[in-house]
Amino acid sequence: MVASNLNVILMVISLVIVVLGIIFTSVYCLNRAADRNAQ
Amino acid sequence: MHLIPESWAHLHILVSVFPSVGLIFALGIYIAAIISNSDAMKKTSLLVIGIMGLVGIPTYFSGIDSITELAANPKFTEDTVANHLGWGIAALGALGLTGLTAWIALLRFGRKPLSDNATHLVLGLGVVTLALMFVVGELGWEINHTEIFLPTAKTPQLWSHVHIILNHFPTVGFVFALGIYALALLLNNTVMKRTGLALFVICAVLGVPTFVTGNASMWALTDPPVRGISKAVINAHRDWALYTMLGLGFTGVTAWIELWRYRQVGRFSNPFLALVLVFGVITLGIMAETGHRGGQINHPEIRVATDVQPTDPNAGLSVFVEKEINQVIWFVPWQTVHFFGYALIFGTAFAVSLRILGFWKSVSFESVHRILPLGVFGVVTNVFSGMLILQADSSRYLNEITFVPKIIFITIGGIAVIYYSVSERLWRVKAGEEAPMGAKWVAALVLLSWIGVILGGRLLPYV
């Protein structure tokens, strides 16, 4: 039980990191393009 | 699988959706062109309406030949066919007239701007044709789709009815989007490029209710089973529907990024425009196969010897997803991601909409427009995670009373957001300035829709 709980927690953390990582990297890249254009 | 029709009946069910659903898209673009007073877009719509008029010809002849072809088939009664044919002739007559008027307007005005009278004449005729098409479409379902009139056992048959109508919107719409977009790239016309991109996004959003009603139809037709309908054949269609959702997701997001970029940066990125085209072509291919497999579910008359139908109801990707997502180790992580997604969506919708409604007027619209990608990526996250979570217990979710409003609000909220990246007046709202009244209505609609989505979702387990 303890092992399976740990697995679920690790799964949650890694999936959230991956998804938010993709989102924030994409938003960062898009906004950097906007900044570069503004200069 | 044979995608190229080998019988008149097959050709008829394929081409007949274009004059009806296609006309809705053509008139939609036409109305947008009239509102934004873009002559190029008006003429593009006239060209599309003119082409729809010509598509009426194969629709008529394939229909007539289908009657001869299927006369001996006891499944189709003479009365239903005669009703469909009678109204069909009236609708195609109106369509022909609309198409002819569109061609005449195009030829007469050439490079000159279109007169108001000509513009309104085509619009009026188009609306009358559409009303007739609606009647013909409904009478058409009566010929073959007897399942939609079955009494409700557990899941309402209304969803089978809604699904066979709705699925033509993202598909036929996508053909239009791709056509307009490819033409726009050839002509290097910015207005048409943006129209094509916006259409891709609309089709992607419409994919959501289509997928969901498809799931509901599956339950309506298999639990309890309906004679002549195979779960294995449905599952094959459902697997391709999953691929279509992925295709729509990629095309819709890249298209939206370009709409956003054009607004924020003032120009497109050519590699990204090419990427949208590549995604669009691939998605159309996937969609064609999905639609064909969908047609196979309840059209035994179009099957040919090479169409080998699946027989194992436990095979395929959808069944695998259904099984896996029910494991805690997959369900809980994806649900957590779903919550992060809606925090992103609501946070973004909240901030942008409140600025438009008059809060934080010291900030220009240009500045809040920058955070929109966060919300859109949130939508993508949630469509994907939501699709997986839905598979865990779709029969139960789909029959909850708050699920339908939730999906309707997602569709409205998703489409309304396009306005933020296409409106010229909103873009010009500087720091300290009031947003136009029309934009405030859209902002209120966006905010209320996403509030509705969260309420509908949160109530799912309890009512």
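In this predicted model, the axes of helix 8 (residues 190-222) of chain B and helix 9 of chain B come within 8 Å and cross at roughly 155°. An angle over 145 degrees counts as roughly antiparallel, so helix 8 of chain B and helix 9 of chain B are roughly antiparallel to each other. The crossing of helix 8 of chain B past helix 9 of chain B is left-handed. Sorted by class, the residues of this contact between helix 8 of chain B and helix 9 of chain B are 16 nonpolar, 7 polar and 4 charged.

Helix 8 of chain B also packs with helix 3 (residues 39-70) of chain B, at an angle of about 60° and with the axes 9 Å apart. That angle makes helix 3 of chain B oblique to helix 8 of chain B. Here the crossing is right-handed. Which residues meet in this pair? From helix 3 of chain B come Ala40(B), Met41(B) and Thr44(B), and they meet Val191(B), Met192(B) and Thr195(B) in helix 8 of chain B. The contact of helix 3 of chain B with helix 8 of chain B has 4 nonpolar and 2 polar residues, and no charged ones.

Here are the two packed pairs side by side.

| Helix pair in chain B | Axes | Angle | Crossing |
|---|---|---|---|
| Helix 8 and helix 9 | within 8 Å | roughly 155° | left-handed |
| Helix 3 and helix 8 | 9 Å apart | about 60° | right-handed |

Helix 12 of chain B, with 30 residues, reaches 42 Å from its first C-alpha to its last, close to the expected 44 Å. Just after helix 12 of chain B comes Gly358(B), with a positive phi of about 125°.

Back in helix 5 of chain B, the buried residues include Thr119(B), Val122(B), Gly126(B), Thr129(B), Leu130(B) and Met133(B). An α-helix has 3.6 residues a turn, so residues three or four places apart point the same way. What covers the buried residues of helix 5 of chain B? The cover includes helix 2 (17-36), helix 3, helix 4 (78-109) and helix 10 (270-298) of chain B.

Is Ala416(B) buried or exposed? A residue is buried if 20 or more other C-beta atoms lie within 10 Å of its own; Ala416(B) has 22 of them, so it is buried. Beyond its neighbours within four places in sequence, Ala416(B) is in contact with Val442(B), Leu445(B), Val446(B) and Ser449(B). Ala416(B) and Thr244(B), by contrast, are 172 residues apart in sequence and 23 Å apart in space, C-alpha to C-alpha.

Finally, meet the other chain. Chain A has 1 helix and 0 strands, and 8% of its 39 residues count as buried. Where chain A and chain B touch, each contributes 16 residues. On the chain B side, helix 9 (231-265), helix 12 (328-357) and helix 14 (372-392) each supply at least two residues. The largest share of that side, 7 residues, comes from helix 12 of chain B. By class, the side of chain B that touches chain A has 11 nonpolar, 4 polar and 1 charged residues.

Key:
Residues numbered from 1 in each chain as written. Chains lettered and ligands numbered in written order. Predicted model: local features only at pLDDT ≥ 70, side-chain atom pairs only at ≥ 80, totals over all residues. Contact = placed C-beta atoms within 7 Å. Helix = DSSP H or I, 4+ residues; strand = E, 2+ residues; numbered from the N terminus. Nonpolar A, V, L, I, M, F, W, Y, C, P; charged D, E, K, R; others polar. Axes fitted to C-alpha atoms, helices over the stretch in contact; angles between N-to-C directions. Parallel < 35°, antiparallel > 145°, perpendicular 65-115°, else oblique. Left-handed = near helix turned anticlockwise from the far one by under 90°. Buried ≥ 20, exposed ≤ 12 C-beta atoms within 10 Å, placed from the backbone. Expected span 1.5 Å × (residues − 1).
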